[in-house]
Amino acid sequence: MRSLSIAATGMLAQQLNVDVLSNNIANMATTGYKRQRAEFQDLLYQDLNRVGSQSSDAGTVVPAGVQLGVGVRTAAVYRINEQGNLTDTKNRFDIAIQGNGYFRVQLPSGEDAYTRAGSFQLSPTGQMVTQNGYTVQPGITIPQDAVSVDINESGEVSVKIDGQVDPQIVGQLELAIFFNDAGLELVGDNLLKETPASGAAALSVPGSPGYGTVLQGFLETSNVNAVQEITMLIQAQRAYEMNSKVITTADEMLRTTSTLR
Amino acid sequence: MTENTAYIALSQQMALRREMELIANNLANMNTTAYRSKRMVFEEVLSEIGADQQVSFVQDAYVVPSLDEGTQQRTDARLDMAISGPGFFVVQGEDGPRYTRNGHFRADADGRLVTDTGLPVLDDAGAPISVGTNPQDILIRADGTVSDRNGPIGRLSLVEFDNEYSLTPVGNSLFRTDDVAQPADDARVTQGFIEGSNVKPVLEMTHMTEVLRAYQTTAQLIESDKEIRLRAIRTLGASA
């Protein structure tokens, strides 16, 4: 009985849906987190009576045929890269991106990774690093005797050093953009990696055409919307229940057959 | 003559099992983007069993999709779009155009607008649309015009068909047909939304119960038929 396996695909799909939703809810307070959505598509169809096959010698054709689908599959779990809200943290190394783009950081392996979570710190040598200690690219070193650090909209980092009148520019933040940022690979710790699907990173200073601007003292919160997630969770749960009901019904039909004497 | 009872009952049970599979598939696709629920249409098959006598068997004749629109769900993704009114997006399949109402698109590594499975979405001139490096800037107007900050890029091809039932589903929310596509003037595109499945769970659940009961009733019929024959043999056998 195909109904059993069809319902099983339905239950598996809803299970995955719940997994995705619970991950979104768990990351509601994660800096720079982008919510995800599971996309489902129907599986292949089996032709039991082909559309357009001849129904008589006179050349009349079957207009609709009998086509049975065999269930559902998960086509993709994709990130929705909508801008999250900005919260004021007053921390001078907290930097939010307004608009398109990612900060580039260097992993210990030497590879590049990208992030929108701009909660940076300083390393013992004064380098700007992420919460995990990975250096922000291009490297920016803040002098030890700097009394204040200013980062403007286009990512220019300047410091005020005691005794000097003019602020001194010590670095320039860069943003990376991609053709398909939904194709970036999540590697945890708020980091993403380039893949063949995402296309190559294009680097430029914040505020160039097509790039977002940066905002010092703010952090981008997650773009998870609690109401939406909860309603979708209810939907997924009910759908799961209904698919399990299909299994019970199909089972009952089989039992009816097997108890025929 | 009574031999037919079991066969007629069998034809119904076969049909009901098919219908059950269809319901299972509808419910499995309750959350599938732009899925259209399907219904079975049965037909009578007449069989002559003697002079002036006919019995009718049942056969599953057609699967008909419901053409209702699914509810639009908000996703806020820039490259998600839903069509209201009749109409389909045109994508380039391996051997000819494919049609879909599933407007979950993305940009591929070359900046072309593609479906989840990587098929290019076509504009009204039949060419792929390039959305460039910055999908976040893309604006899609109701008539399908795609533009970015520098102005219009192109217009999505939106088509409709005289007979929508001629569209054959090929999985992955795509349809195929040999019919000629016509521009869909009434189709309206909304950005940031996608069309949900048009499966009505309540309807499917009640229908499922109906199918189950019909199946059980038929099984009962087979039992009664057997009972009648058994009794006939006993009674007639005893009197002889």
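Student: What makes β9-β10-β11 of chain B an open sheet, and how do the strands pair?

Tutor: This is a predicted model. In it, 3 strands of chain B form the sheet in the order β9-β10-β11, with antiparallel pairing. β9 (139-140) and β11 (151-155) are the edge strands, as each pairs on one side only.

Student: How do you know that β10 and β11 of chain B pair?

Tutor: Pairing needs at least two bridges between the strands. Strand β10 (residues 145-148) of chain B has 4 bridges to β11(B). Therefore the two count as paired. One bridge can be named: D148(B) has G151(B) in β11(B) as its partner.

Student: How do you know that the span of helix α2 of chain A agrees with its number of residues?

Tutor: Helix α2 (residues 226-258) has 33 residues, so at 1.5 Å a residue it should span 48 Å. The end C-alpha atoms are 48 Å apart, and that agrees.

Student: What makes up the side of chain A that touches chain B?

Tutor: 57 residues of chain A are in contact with 51 residues of chain B. The elements giving two or more residues to chain A's side are α1 (2-26), β1 (36-42), β3 (66-69), β4 (72-79) and α2. The largest share, 12 residues, comes from α2(A). By type, chain A's side divides into 29 nonpolar, 21 polar and 7 charged residues.

Conventions: Residues are numbered from 1 along each chain as its sequence is written. Chains are lettered from A and ligands numbered from 1 in the order in which they are written. This is a predicted model: local features need pLDDT of at least 70, side-chain atom pairs count only at pLDDT 80 or more; totals for chains, interfaces and linings use all residues. The expected span of a helix is 1.5 Å times one less than its number of residues. Two residues are in contact if their C-beta atoms, placed from the backbone, lie within 7 Å. Ala, Val, Leu, Ile, Met, Phe, Trp, Tyr, Cys and Pro count as nonpolar, Asp, Glu, Lys and Arg as charged, and the others, Gly among them, as polar.
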